Amino acid sequence: MMRTTGRNSSKALLVVVPLLGAALFAGCALEGDVVPHDDGNAGSSGTGGSAMGGSASGSGGSTGGLSGKGGTAGAGALGGTSGATGGKGGGAGTTGGGSGTGGTPAGGTSGGGGLSQGGSSGMSGMGGVAGFGGNSGAGGQNGGMAGVGGGMAGGGAGGSTAGAAGSGAGAGGSGGSTSTGRSAGCGTSRTLTDGRKTIQSGGNREYILRVPSNYDNNHPYRLIIAYHWLNGNASQVAEGGGSTEDPYYGLWDLADDSTIFVAPEGLNAGWANSGGQDVTLTDAILDQIQDNLCIDTTRIFATGFSYGAGMSYAIACARADVFRGVVLYAGAQLSGCSGGNTPIAYMHVHGVNDSVLSVSGGRQLRDHYVMVNGCTAQNPTDPGGNSGTHTCTSYQGCSAGHPVRWCAHGGDHNPTEKDSGQNKSWVPGEAWEFISQF
C-alpha cells in the first residue's frame with residue numbers, strides 16, 4: 001500500500017503565493033506529494049485549516065471492474081489550500097462492468113489566521129473503460145467475431161460520475177458455409193409427392209422425385225440432382241440398376257433421410273444440352289421443387305456418370321451461383337460449358353483404364369477447376385491400370401469453400417468401382433463425404 005508523505009513549510013507568504021498557484025495548476029496540494037491511496041481517504045488538513053480531500057473510490061463492474069483509487073490530498077499550507085485530485089474511475093470488467101465513480105473532492109476551507117483562499121477543487125474523475133463485447137457467436141464454421149460493446153464513456157466534468165462502460169456482449173457472427181437458406185416451400189403444406197413428374201420446359205419434360213419419409217416442412221433439406229448416363233434413364237438412377245448398383249449412385253442410403261433427390265430424364269437418352277435446354281430444364285425443376293418443398297438453397301448439388309457427368313460439368317460452368325458443388329464419375333466435356341469462371345466445389349472420379357472417356361479428358365476438367373478455385377497445381381500419382389486400387393487427392397490452397405477432390409482407380413468406365421477383394425464400392429462413400437462436408 002502506498003501512502004501520502006507531507007512536509008510542513010514555514011516559507012514566507014511572498015514565497016507561498018507563487019508556489020500555491022503552481023500547485024493549483026497541477027491539481028495537487030502545495031507542498032504535499034500526492035500519491036495514490038488504495039482506500040481513497042481524504043487528505044490531511046493544512047496548517048491552521050481543515051482541508052477535505054476528494055473522496056474518489058470508484059465502484060467496479062459487477063463482474064470484476066476495479067474500483068477507482070481516490071487521490072489523497074497533501075497537507076495544506078497557510079490557510080489549508082488542499083484541493084484533492086479526483087480519483088480515476090474503475091476500469092470495466094471483462095464482460096462490461098460499470099465504470100468507477102469519478103472523484104468529487106471538496107475544496108479545503110481556510111484556516112484561522114491563514115490565507116482566506118479556499119482549496120482548489122479536485123480534478124474530475126476519469127471515465128471507466130468500456131468492456132469488450134462477447135466473443136464470436138456460435139454457429140458458422142467461420143462465425144464472424146462479435147462486435148465490441150459500448151464505446152468509451154466520457155469522464156464527468158468537475159469530478160462528476162464517469163460514463164457507463166460498454167453494454168453487453170455483441171451478437172455472434174453469422175455462420176459461414178453452414179448457414180442455411182430457406183426456399184419458398186418452407187412452412188407450407190406439401191403438394192409435390194414422390195414419383196415421376198411432368199414439367200413444361202421447351203415441351204414436356206420429366207423427372208423423378210424422392211423425399212425422405214419423415215419429411216418436415218420446416219426443416220431445410222439438402223438437394224441432389226443426379227443425371228443418368230447415355231442410354232440410361234431416370235428410373236435406373238432413382239431405383240438402382242444398369243450402371244449404378246444402388247439408388248442415386250449409392251447416395252440415397254448414405255443420406256439417411258437427410259436429403260431430397262431428383263433424377264431428371266434426358267432427351268434422346270442423353271444430355272446434349274443443345275442451346276442450353278437441359279440447363280433450362282434444371283432451372284425449371286429447381287423452381288418447382290423450391291416453391292413446394294423446404295430446400296436449403298445453399299446446399300444444392302449435381303452428380304452424374306458419363307454423359308450425366310458431362311451434364312454435371314455444364315451445371316458447374318453455368319450455375320455455380322446456384323449449386324454448391326458437383327461430383328462427376330468418369331466425365332468429359334460433352335454438354336458444353338457456358339461460363340466456367342466462377343469457383344464451385346468440385347470432385348471427379350475416373351478410371352485410368354477408361355476405354356470410353358479417357359482419363360486425360362477427366363484430368364483436363366479437373367485442372368480447369370483447380371485453376372478457377374485458386375488451388376495449388378499438382379500432378380497426383382494415380383494408380384496403375386488394373387491394379388485393383390484407388391487413390392484420392394485433395395488439392396491445397398483452394399479458395400474458401402471451393403475444394404477440389406480427385407479420385408483415380410485402376411479400372412474402366414464405371415461409376416461404382418471396387419478395389420480388389422471388395423464386394424461394395426468405395427465411390428459412394430467418398431462422394432458422400434465430399435458432399436456432406438457442407
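Trainee: Which residues is D278 in contact with, leaving aside its neighbours within four places in sequence?

Mentor: In this predicted model, D278 is in contact with R205, W271, A272, N273 and M311. D278 itself is found in helix α4, residues 277-292.

Trainee: What makes D278 buried or exposed?

Mentor: Look at its relative accessible area, which is 1%. Buried means under 20%, so D278 counts as buried.

Trainee: How do you know how α4 and α5 are oriented to each other?

Mentor: Good one to work through! Two packed helices are described by the angle between their axes and the distance between the axes. For α4 and α5, the angle is about 75° and the axes are 10 Å apart. Angles of 65 to 115 degrees count as roughly perpendicular, so α4 is roughly perpendicular to α5.

Trainee: Which residues make that contact?

Mentor: From α4 come D278, V279 and T282, and from α5 come M311, I315 and A318.

Trainee: Is the crossing of α5 and α6 left-handed or right-handed?

Mentor: The crossing is left-handed. On the α5 side the contact is made by Y313, A316 and C317, and on the α6 side by L365, H368 and Y369. By class, five of these residues are nonpolar, one is polar and none is charged.

Trainee: What makes helix α7 largely enclosed by the rest of the structure?

Mentor: Count its buried residues. Helix α7 spans residues 427-436, and seven of its ten residues are buried, so the helix is largely enclosed. The buried ones are V427, P428, E430, A431, W432, F434 and I435.

Trainee: How do you know whether N231 is buried or exposed?

Mentor: Its relative accessible area is 61%. Exposed means over 50%, so N231 is exposed.

Trainee: What about A330, and where does it lie?

Mentor: A330 lies in the loop between β8 (325-329) and β9 (345-351). This residue also has a positive phi, about 55°, although it is not a glycine.

Trainee: Why is A330 called buried?

Mentor: Its relative accessible area is 2%. The cut-off for buried is under 20%, so A330 is buried.

Trainee: Now the whole protein: how many helices and strands are there?

Mentor: There are seven helices and eleven strands. The protein has 438 residues, and 48% of them count as buried. Its accessible surface comes to about 18800 Å², with 50% of that belonging to carbon and sulfur atoms.

Trainee: What share of contacts between residues at least 6 apart in sequence join residues at least 24 apart?

Mentor: The share is 68%.

Conventions. Residues numbered from 1 in each chain as written. Predicted model: local features only at pLDDT ≥ 70, side-chain atom pairs only at ≥ 80, totals over all residues. Heavy atoms only, no water. Left-handed = near helix turned anticlockwise from the far one by under 90°. Helix = DSSP H or I, 4+ residues; strand = E, 2+ residues; numbered from the N terminus. Contact = heavy atoms within 4.5 Å. Nonpolar A, V, L, I, M, F, W, Y, C, P; charged D, E, K, R; others polar. Buried < 20%, exposed > 50% of the residue type's maximum accessible area, 1.4 Å probe, protein only. Areas by Shrake-Rupley, 256 points an atom, 1.4 Å probe, with all protein chains shown as cover. Axes fitted to C-alpha atoms, helices over the stretch in contact; angles between N-to-C directions. Parallel < 35°, antiparallel > 145°, perpendicular 65-115°, else oblique.
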